[in-house]
Amino acid sequence: MRLHCLFLSVCLSVGVMAGKYSREVNEQKVSNDGKHAVEFRIAKLNQVWEKANRMQLAPVRLSELHSDLKIQEKDELQWKKLKAEGLDEAGEREAKLRRNFNIILAKYGMDGKKDSRALDSNTLKDHDAKEGDMFDDPRLDKLWNKAKSSGKFSEEELQSLRREFQHHKDKIHEYNIVMDTVSRTEEIHKNVISPMEGEGKESALHEKHTDLKQRMRDLNQGFERLRRISHEGFSSENEFKEPRVIELWEMARRSNLSEDELDSLKEELRHFEIKVEKHQHYQEQLEYSHQKLQHVEALGDKEHITRHKEKYNNLAEKAREMGYKMKKHLQDINNKISRNGLQHNEL
């Protein structure tokens, strides 16, 4: 009996040590030198963040990456709890997390590949870049130039329309990134020998193709909306101004939500739109602050440099915080709509 108890005690001790080791490796709180606090609790996310800083990404891009990594961190920590409870046995959530992480790497040019997507003949952009192209897509450029010269839009409306066109351009880029990851998965899938392993990869591949089809439907509907606005102008009955919010509202109206649920979501989207506008404001201020800091650094006044660096760092922190809140809220709204019969994945 004593021997049995001793054996159990040793097993528990090993289990605790193994768990402690796993947490120390994957959920770091201080850097290896023990001096600086790290940005994320998961080691691989810190490595991405440190690499992005070494690459000297533009301030707004860096802020966007930080928000994406925070969302990834939240999702991965939630998944770890589920896994500890014996859930996600099929590994579907784990596969989705891995895919999202790879998409983040590709989105910010950290996947070890040259970004040849823009020149890939299989992507949505299949024309040569020309000087003066604003949106890197002939259909968008043609539509924009027509709308701009039509005289139907005030200066403020043109700014709103430009944001919608830019949003659509970003979605095309996201589609091309996802398609690239699917193509690579298909290449790997061709080399699978084990039937059991093949079944798992087949399922993951099917999910990716479903995601691609939904993104393509979203792109087609988005372009039709741009075409309609460009020809007819903005409707006075528009509920929202921000492209992402308009897109979410149209998705919700196509879903199976009841009238009461739509009314509730409409109110939530109004609050979300305020967050989007605040986030854009902080991004603009961050860009301006960075330009000012560069100017002061060129002059070499140490006192001014210190003061402007402090202002810049504070703004960067606010932009990241607001970006995370905005993207988390976007994720929550997407989930609400998806649960009501309309599947949609946001990059």
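Q: So a polar contact is a pair of N or O atoms within 3.5 Å, with one able to donate a hydrogen and the other to accept it. With which side chain does the side chain of Gln-331 make a polar contact?

A: With the side chain of Asp-75, at 3.1 Å. Keep in mind that this is a predicted model.

Q: Thanks! Where does Gln-331 lie?

A: Gln-331 lies in helix 10, which covers residues 302-338.

Q: And what else does Gln-331 touch, not counting residues up to four places away in sequence?

A: Besides Asp-75, Gln-331 touches Ile-71 and Lys-74. Ile-71 is 260 residues from Gln-331 in sequence, yet their C-alpha atoms are 9.0 Å apart in space.

Q: Staying with helix 10, what span does it reach from its first C-alpha to its last?

A: Helix 10 has 37 residues and reaches 53 Å, close to the 54 Å expected.

Q: Which residue caps its N-terminal end?

A: Asp-301 does: one of its side-chain oxygens lies 3.1 Å from the backbone nitrogen of Glu-303. Helix 9 itself runs over residues 259-299 and reaches 60 Å, close to the 60 Å expected.

Q: New topic: at what angle do helix 2 and helix 3 pack?

A: At about 175 degrees, with the axes 10 Å apart. That angle makes helix 2 roughly antiparallel to helix 3.

Q: Which residues make that contact?

A: Helix 2 contributes Lys-44, Leu-45, Val-48, Trp-49, Ala-52 and Asn-53. From helix 3, the residues include Leu-62, Leu-65, His-66 and Leu-69. The contact residues divide into seven nonpolar, three polar and three charged.

Q: Last one: how many aromatic pairs does the structure hold?

A: Five. In one of them, the ring centres of Phe-135 and Phe-165 are 5.4 Å apart and the planes are at 35 degrees, so the pair is tilted. Phe-135 sits in the loop between helix 4 and helix 5, and Phe-165 in helix 6, so to speak linking distant parts of the chain, 30 residues apart.

Technical notes. Residues are numbered from 1 along each chain as its sequence is written. This is a predicted model: local features need pLDDT of at least 70, side-chain atom pairs count only at pLDDT 80 or more; totals for chains, interfaces and linings use all residues. Side-chain values use heavy atoms; hydrogens and water are left out. Axes are lines fitted to C-alpha atoms, for helices over the stretch in contact, and angles run from 0 to 180 degrees between N-to-C directions. Helices (H or I, at least four residues) and strands (E, at least two) are DSSP runs, numbered from the N terminus. Angles under 35 degrees count as roughly parallel, over 145 as roughly antiparallel, 65 to 115 as roughly perpendicular and the rest as oblique. Contact means heavy atoms within 4.5 Å. Ala, Val, Leu, Ile, Met, Phe, Trp, Tyr, Cys and Pro count as nonpolar, Asp, Glu, Lys and Arg as charged, and the others, Gly among them, as polar. The expected span of a helix is 1.5 Å times one less than its number of residues. Rings of Phe, Tyr and Trp (its six-membered ring) pair if their centres lie within 6.5 Å; planes under 30 degrees apart count as stacked, over 60 as edge-to-face and the rest as tilted.
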